[in-house]
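Okay everyone, thanks for coming. Let me put something up on the screen, and then I'll walk you through a couple of parts of it.

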Amino acid sequence: MPDVLIRRAGADDALVVAALHLQSARDLGQDGEPGFLDRFVDAWLASRPDHPTWVAESRGEHAGVLSTRRLRPLPFPGRPEVSWLYVGTIFVAPGHRKRGIGRALIEGMLEWSRATDVKWVRLNVDPAQHHFYRSLGFRLADTILEYDLRES
């Protein structure tokens, strides 16, 4: 894909990452809120090492974002130190969809993960999207349990 660049977001990209998250929220029907961009930038910069993020650029525009949360368990005797990623946001701007940008974002994240101590990547998606993620090598994991405190 010659007209698409996938790169890991740096501190200088904080406002771009915030704007793409806001665009994603609006795409999902959420309204913006006063001060969101500033709050997001401050939070993301403060926790950036634990939130690896990738930005897609195409045709001179910011075309998408993929944000993760990196989890690193505390050391334990006899257990290798590894981490894992949870994909929280993957968003491709409407004018850039159906061009392989989502796939390229995931492949960029997986390439980076293979070069680090990340041993697995998890995400929650609508079952209608399972085929797409399976084509990238993801498989259904059925060992996760959840306790929803909103229900108690």
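Before we start, one definition: I'll say two strands pair if DSSP finds at least two bridges between them. And keep in mind that what you're looking at is a predicted model.

Let's begin with strand β4, residues 83–92. Which strands does β4 pair with? On one hand there's strand β3, residues 61–71, which runs antiparallel to β4 and is joined to it by 8 bridges. If you want a spot to look at, find R69, which sits opposite Y86 in β4. Then there's strand β5, residues 118–123, and here the pairing with β4 is parallel, over 5 bridges. In that pairing, W84 has W120 in β5 as its bridge partner.

So how does the chain get from β4 to β5? It goes through helix α3, residues 101–114, and that β-α-β crossover is right-handed.

Now, is β4 mostly buried or exposed? With buried meaning under 20% relative accessible area, 7 of its 10 residues are buried, so β4 is largely enclosed by the rest of the structure.

Okay, over to helix α2, residues 36–46. Which residues are buried there? F40, V41 and W44. These cover an arc of only 100° around the axis, which puts them on the same side of α2. What covers them includes α1 (14–27) and β2 (53–58). Turn to the face pointing away from that buried side, and you'll find the exposed residues D38, D42 and A46.

That's my tour, so over to you for questions.

Methods:
Residues are numbered from 1 along each chain as its sequence is written. This is a predicted model: local features need pLDDT of at least 70, side-chain atom pairs count only at pLDDT 80 or more; totals for chains, interfaces and linings use all residues. Side-chain values use heavy atoms; hydrogens and water are left out. Buried means under 20% relative accessible area, exposed over 50%, partly exposed in between (1.4 Å probe, protein chains only). Helices (H or I, at least four residues) and strands (E, at least two) are DSSP runs, numbered from the N terminus. A crossover is right-handed if, with the strands pointing away from the viewer, the path from the first strand over the helix to the second runs clockwise. The arc is that of the directions from the helix axis to the C-beta atoms. Contact means heavy atoms within 4.5 Å.
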